[in-house]
Amino acid sequence: MPENLGGNSSIVLRRVTNDDGTFRLVLAGSYTLAALGQRVQTLSTDLVAYATDPELRWDLTGIEQLDDAGAVLLWRAWGSRRPTHLVLRPEHERLFDRMKEAPSAPAPTPRGLLWPITILGKAVFLLWEHSTGLLILIGQVLLDAKYLISHPARIPWREISANLYRTGAQALGITALVGFLIGVVLSFLSSRQLQTFGADIFIINILGISIIRELGPMLAAILVAGRSGSSMTAQLGVMRVTEELDALTVMGIPHSLRLVLPKIMALGIAMPLVVLWTSAVALVGGMVVAEIQLGLSYQFFLNKLPDVVPVANLWLALGKGAVCGMVIALISCHFGLRIKSNTESLGEGTTNSVVTAITVVIIIDAIFAIVFSNVGLK
Amino acid sequence: MTNEECIIEVEGLHTRFGSHVVHEDINLCVRPGEVLVLVGGSGSGKTALMRQMLGLEMPAQGEVRIFGEPLYGHDRKKLQYMRNRCGVLFQKGALFSALSVYDNIALPMRELRTLDEGLIRDLVMLKLKMVDIEPKHASKMPAELSGGMVKRIALARAMALDPELLFLDEPTAGLDPELSEGFVKLIQTMRTELTLTIVMATHDLDTLVALSDRVAVLAEQHIVALGSLREVVGTSHPFVANFFRGERGKKALGNTGDVL
C-alpha cells in the first residue's frame, strides 16, 4: 500500500508494507537543498511524524544525492540519533558520522546586570583615549615642525602643495555655490523685513557683518570639514587597511611628518582663502538681490560696505578660518590613524571624524564669539 | 546550440581592458563532476576568466553559459536559482566584515527563506566542523581572525548551500602546507559525497596535482593547452615547460610519481 508523498519527482518518501507485515519507509531521489526547495517544511513535518514510530525501518538506499542539508533534516527528525532500523548507502555513512561529531552552537553570553555602568565606563575611557591620542598627535606634529625649522630641506613641499590643491582649489566650486545661495536667501529675507520699517539701507550692515564675520567662515569650515575631513580620514584609513602605513613605517618615514603635518599646514593655509572666497561670493549673491528687491546699486553697496563693517571682522574671519582648518585636519588625521584594518572600522571612523570635526568647528566659533565679543562691532 | 555535456560553456570569448587584450577567442567546456584547474602567469587573465564565468564582468565579445544558459536576461527567480547552485571562494575570502562568522555562513541559508533557524544552526555548525573551525570562533568577527581561518570560513560559506558548481580563486594561497593539504583532502571527500564540479585558479602545484582532472593553461591570450595533467605536461609550449618542468614543478609532479 504505497502512499507517495512526493509531489516533486526527485524526492520520494513512501511507506511500504513488508512481506512480514512490518512497515518500511523508502526514501529515494535527491535529498539536496536545491531539490528540497519550498518543500523543506512539509517534508520535515512528515519525517518527524514517521520518526515517532521506533520500529519503523528506514530505507535510504534509494537516495542518489544527499547533501548536508538533507542529512541534517533527517538527523533532526530522528532526534539527533540514528534510528534502530536503518539501511543506507555506504557513501552516505560519513555524513551521519559527521553529524554525530558536530558540536552544538555556543550559547550567547547573557548581558550582565551592570551593563549601563559598563557602557558609561567604556564611553569615558574612549573619551580619555581620544583626548590623549589627540594630545600626543599635536605634540608629535609640533616636534616635527620644530625639526623642520632646523632642517628646512626636509619640508614636504610636494605633499603640502598636493593637499592645498585638493582641499583648497577643488573646494572652490561647492563653497561658491553654497555661499551664493545663502547670500541670496539672507538678502531676500532681510530686505523684506527692512522694507516694512523703511530701513532699506541697513541691508548692507546686516549682510556685511553676518557674512564676513560669521556665515562665510562657518559655511566654509563646515563644507571643508565634510569634504576634505572625510577624504583625509578615509585616505589614512585605506592606507591602514592596505598596510601602506606600515610600509611607510618600515621605510623610516614617520606618518606625522609626511602625512599629518602637510595636511594641517595645507588646510591652515587653504581655509582662510576659502573663507575669503565664500564670503565674497555670498556678498555678491546678497548684493544682486539687494539691487533687485531694494534698488540699491552695486556701486553704492560696495562704497558703503567698508564704512559699516570694520576691517577687524575680516581679520577675525581669516583667523577663525586658519584655526578651523588646522583643527579639521588634525581631527581627521587622528581618526584616520585610529582606523583598524577592516572595512567596518573604516566606515565608522570616517563618520565619527566628520561629526567630531563639524562639532568642534562650531565650538571654536562659539569660543571666538565670546573671546572677541568687543572686537569689530560698533 | 547548447552543448548538453557542459556545465559551463565559454564560446569565442574576448576580454579587453581598454586597448589591452587579455583573452582572444577562448573556447572552453567544463564537464559536470570534474575539477578544472586554470593555470597561467600573473596577468594571464585567470581571475578575469573566472569573473566572467560568474557574471561579474561582461566579456567584450563571446558568451558564457552556465547550466546551458547565459547568466543574464533571466527573471529574478531563475537567476537566483542559478546563483544558488554556484558557490565561490574569493581569493581574500570576502567575508562580510559587519557580520560574525556564524552569520556569514548563515546568510545564504537565511536568504532562501525556507529553512528554520534550528536547521540553519545545525547546518552552520556542521559546515564549521567540516572546515575544522572550533565552535567558539562562531561569534567572532572576521577582523579578529587569521588569514587561514578567513579562508576556511569563506569556504564554509561557499559550501553553505551545497552547490553543484564551486569556483575557487587561489584557494590555498596564504595557507600553510598542512592547512592546504587538509584543504585538498576536504575537497576530495566532498567530491565523494556530492557530484561537485570545481573550477579553480591556482599557482599551487601540489593542489593542482592532487585535485585536477583537467588543466587549462592560459598564456598569450589563448588557452595553449587543455587536457589531463599528463597531456598538458606533454605539450611543448614554453610557459608549460617553465611552469611544470621547473624545479618546483618537478618536485610536485615527482611526489605523485605517476605523471612523468
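This is a short walk through the structure, stop by stop, with something to select at each one.

Before you start, note that this is a predicted model, where local features need pLDDT of at least 70, side-chain atom pairs count only at pLDDT 80 or more, and totals for chains, interfaces and linings use all residues. Residues are numbered from 1 along each chain as its sequence is written, chains are lettered from A and ligands numbered from 1 in the order in which they are written, and side-chain values use heavy atoms, with hydrogens and water left out.

**Stop 1: rings in chain A**

Select A:Trp58 and A:Trp78. Their rings make an edge-to-face pair, 5.4 Å centre to centre with 80° between the planes. (Rings of Phe, Tyr and Trp, the last by its six-membered ring, pair if their centres lie within 6.5 Å; planes under 30 degrees apart are stacked, over 60 edge-to-face, and the rest tilted.) A:Trp58 sits in strand S4 (residues 57-66) and A:Trp78 in the loop between helix H3 (68-77) and strand S5 (85-87) of chain A, so the pair ties together parts that are 20 residues apart in sequence. (Helices, H or I with at least four residues, and strands, E with at least two, are DSSP runs numbered from the N terminus.) Both A:Trp58 and A:Trp78 are buried.

**Stop 2: a stacked pair in chain B**

Next, pick B:Phe239 and B:Phe243. Their ring centres are 5.5 Å apart and their planes are at 20°, so this pair is stacked. The two residues are four apart in helix H9 (residues 238-245) of chain B, about one helical turn. B:Phe243 is buried, at 8% relative accessible area.

**Stop 3: salt bridges**

Over all chains, the structure holds 24 salt bridges. (Each is a side-chain nitrogen of Lys or Arg within 4 Å of a carboxyl oxygen of Asp or Glu.) Select B:Glu63 and B:Arg65, which form one with closest N and O atoms 2.6 Å apart. B:Glu63 is partly exposed at 26%, while B:Arg65 is buried at 9%.

For another example, go to chain A, where the side chains of A:Arg240 and A:Asp246 meet in a salt bridge (3.8 Å, N to O). A:Arg240 is partly exposed at 22% relative accessibility, and A:Asp246 is partly exposed at 37%.

Methods
Buried < 20%, exposed > 50% of the residue type's maximum accessible area, 1.4 Å probe, protein only.
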